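I opened the notebook to look up aromatic rings and helix packing. My entries follow the structure.

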Amino acid sequence: MAHDYEHLRTDTVVGYLASVPALAERLDLTDVATIEEVGDGNLNLVFIIEDRAGRGVVLKQALPYVRLVGPDWPMTPERARHEHEALRTYGALAPGLVPDVFAYDADRYIVAMEDLSDHRVWRAALNDGERHDGVAEAIGGFVAAVAFGTSVFGIDAEDHKAAVGRALNPQLCRITEDLVFTEPYADIGRNSVDPDNEEDAVALAGDSAMVAEIGLAKWKFMTAAEALIHGDLHTGSVMVRDSDATRPVSVKAIDPEFSFYGPVAFDLGALWANYVIAAARALALGEPDRAQWCLEQAPPTWSAFEKGFLERWPGRRSPEVFSDDMGAAVVNGWLGDTWLFAAAKMARRIVGLAKTTDIETLPGPQKIGAARGVLHAARMAATERHAGRSPSRFGELALETLRGVATP
Ligand code: SR1
Ligand code: MG
């Protein structure tokens, strides 16, 4: 399908805002102070427009291709609709934990939303050595609210099926199916590693136990329509602002363009994986205490999720068969799957397309050790999940694994 629509530019965004009354009133367009294109992700254009009074709006526009690669990789801009609808749903279920949405332009695939310039992308903050307390709990609580509130436990069965249909997101799911679950084990020419990590990538792809687990993970991702998951909930999809004398800590989940009805544990695994990646960076930089802190974010993420989900359980649908005990059993299944998806998400960020700044910005020798550590941790998580599933055990084993291969 040809997508012919005007792409925003820094010299056209003010005119665009002026043309949408709901946006024009949000800032003084006669006194604009800054216009910045800040899209540092792999897919979209993102503009922040601020006036001199400090009021701002974010415009995020989906391009008809993958920005990371260019027009040679066409990609449906319908992902903007998915992002818009997910943000609306999440905002209702988890107030304050996603940016406010002001408008959606279905012709030009533009989501207009709250300016979060007083927040930082969590990944960038972690890369700079910052520690933000309370973020892990908040984001675990966010996953719980969405897991319950969009699932058959929280909504009527027919509404659930309609929601599953509306949220079908085949092209974006295909990216994940290929980049996360397949290509790290069967390169089609998009993988890359440092030559000194080549043996690690070969060992990963040749690890038959790992590949078997990843096959299971891919199948679950492709078939388990449990809830309207975020679909790309890494630390770059979380924004944070510390508490101060006047305000509590603020946490926002952003960028749910990959959202669809999928397995709840996929989002939790993405978070855990990125804690390991952040820890690998800290360890490589000679900061073992901070590495440990990064991995200590896994238990509170999980506990807040578990608590948030089980607190809602008494209000579930179909209590005549969704018994009192079933909630805990469902959660326990998700715990094992969180290990599994964490494994998949770690490995893809080292071997496949679309890597992380945590590792990529390390100096050469440290980068090699950190990348190796993450790959070993991925293989550990995929198999050790059968031995003991506790979130603290995950962190301990990951730290042990990273330490075992760290560049001296
Ligand atoms: C082609 S898009 C590559 C990656 O960017 C997004 O952040 C997702 O993680 C996706 O896999
Ligand atoms: Mg993103």
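I call a residue buried under 20% relative accessible area, exposed over 50% and partly exposed in between, with a 1.4 Å probe and protein chains only. By that rule Phe 181, at 3% relative accessibility, counts as buried.

Ground rules. This is a predicted model, where local features need pLDDT of at least 70, side-chain atom pairs count only at pLDDT 80 or more, and totals for chains, interfaces and linings use all residues. Residues are numbered from 1 along each chain as its sequence is written, chains are lettered from A and ligands numbered from 1 in the order in which they are written, and side-chain values use heavy atoms, with hydrogens and water left out.

Entry on aromatic pairs. I describe a pair of aromatic rings by the distance of the centres and the angle of the planes. Rings of Phe, Tyr and Trp (its six-membered ring) pair if their centres lie within 6.5 Å; planes under 30 degrees apart are stacked, over 60 edge-to-face, and the rest tilted. I searched the whole structure and found 21 aromatic pairs.

I looked up Trp 122 and Tyr 275. Their ring centres are 5.7 Å apart and their planes lie at 75°, so I logged the pair as edge-to-face. Trp 122 is in helix H4 (residues 122-127) and Tyr 275 in helix H10 (residues 264-284), 153 residues apart. Helices here are DSSP runs (H or I, at least four residues), numbered from the N terminus. Trp 122 counts as buried at 0% relative accessibility, and Tyr 275 counts as buried at 2%.

Next came Phe 181 and Phe 341. With centres 6.2 Å apart and planes at 70°, the pair is edge-to-face. Phe 181 lies in H7 (residues 170-182) and Phe 341 in H13 (residues 326-351), so the pair ties together parts 160 residues apart in sequence. Phe 341 counts as buried, at 0% relative accessibility.

Entry on charges over rings. I required NZ of Lys or CZ of Arg within 6 Å of the ring centre and within 35 degrees of the ring normal. The charged end of Arg 26 sits over the ring of Phe 102, 3.6 Å from its centre. Arg 190 lies over the face of Trp 73, 4.4 Å from the ring centre.

Entry on H10 and H13. Which residues of H10 meet H13? I found contacts (heavy atoms within 4.5 Å) from H10 residues including Val 264, Phe 266, Trp 272 and Ile 277. On the H13 side, Trp 334, Phe 341 and Arg 349 are among them.

Note on methods: Helices (H or I, at least four residues) and strands (E, at least two) are DSSP runs, numbered from the N terminus.
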